[in-house]
Amino acid sequence: MGIAFIVGYLSQRGGMSSLFRTMSMSVFVTIVCVLVSCPLDFFFTGGKLGNVWGQGVADLFSRWGIPFVLSVVLGQFYVDFLDKVLSEHTFPKLNVSRACLLI
């Protein structure tokens with residue numbers, strides 16, 4: 001629900017009026033999602049991500065010598081950012097109140 005509120009608030013303030021603002025909003029929403037989901041990943045699954053792509057990115061960074069915690073954060077950011085960009089760029093005219101009902 002937090003994502004719906006953030007997107008709704010920023011959309012009303014012109015967050016989707018241009019490609020730059022849409023991408024900026026995607027980055028902001030992604031950062032919020034990562035800040036929420038990473039602690040949950042560590043608490044419930046010991047840092048394992050719930051998807052193959054994000055886990056692959058986290059594993060790659062770990063093999064490169066990047067600390068485990070940062071690898072998980074980067075893996076989560078990778079998947080969340082692509083998800084938010086595709087969602088917000090594909091459905092820019094979706095009524096925000098309808099989007100809140102879909103969640």
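Guide: What follows is a conversation about helices, cysteines and aromatic rings.

Visitor: What kind of model is this?
Guide: This is a predicted model, in which local features need pLDDT of at least 70 and side-chain atom pairs count only at pLDDT 80 or more, while totals for chains, interfaces and linings use all residues. Residues are numbered from 1 along each chain as its sequence is written, and side-chain values use heavy atoms, with hydrogens and water left out.

Visitor: Which residues of helix α1 are buried?
Guide: Helix α1 covers residues 2-12, and its buried residues are A4, I6, V7, G8 and S11. Buried means under 20% relative accessible area, exposed means over 50%, and partly exposed lies in between (1.4 Å probe, protein chains only). Helices are DSSP runs of H or I with at least four residues, numbered from the N terminus.

Visitor: What comes just after α1?
Guide: There, G14 takes a positive phi of about 85°.

Visitor: Where is L35, then?
Guide: L35 is found in helix α2, which spans residues 19-45.

Visitor: Is L35 buried or exposed?
Guide: L35 counts as exposed because its relative accessible area is 62%. In sequence, L35 and Q76 are 41 residues apart, and their C-alpha atoms are 9.6 Å apart in space.

Visitor: New topic: how many disulfides does the structure hold?
Guide: The structure holds zero disulfides, a disulfide being a pair of cysteine sulfur atoms within 2.5 Å.

Visitor: Why do C33 and C38 count as buried?
Guide: C33 counts as buried because its relative accessibility is 10%. C38 counts as buried because its value is 5%.

Visitor: And how many aromatic pairs are there?
Guide: A search of the whole structure finds four aromatic pairs. One of them is F61 with W64, whose ring centres are 5.6 Å apart and whose planes are at 70°, so the pair is edge-to-face. Rings of Phe, Tyr and Trp (its six-membered ring) pair if their centres lie within 6.5 Å; planes under 30 degrees apart count as stacked, over 60 as edge-to-face and the rest as tilted.

Visitor: Are F61 and W64 buried or exposed?
Guide: F61 counts as buried, at 19% relative accessibility, whereas W64 counts as exposed, at 59%.

Visitor: Why is the pair of F77 and F81 stacked?
Guide: Their ring centres are 5.8 Å apart and their planes are at 5°, so the pair is stacked. Both residues lie in helix α4 (residues 68-90), four residues apart, about one turn of the helix. F77 is partly exposed, with a relative accessible area of 30%, and F81 counts as partly exposed at 22%.

Terms used. Helices (H or I, at least four residues) and strands (E, at least two) are DSSP runs, numbered from the N terminus.
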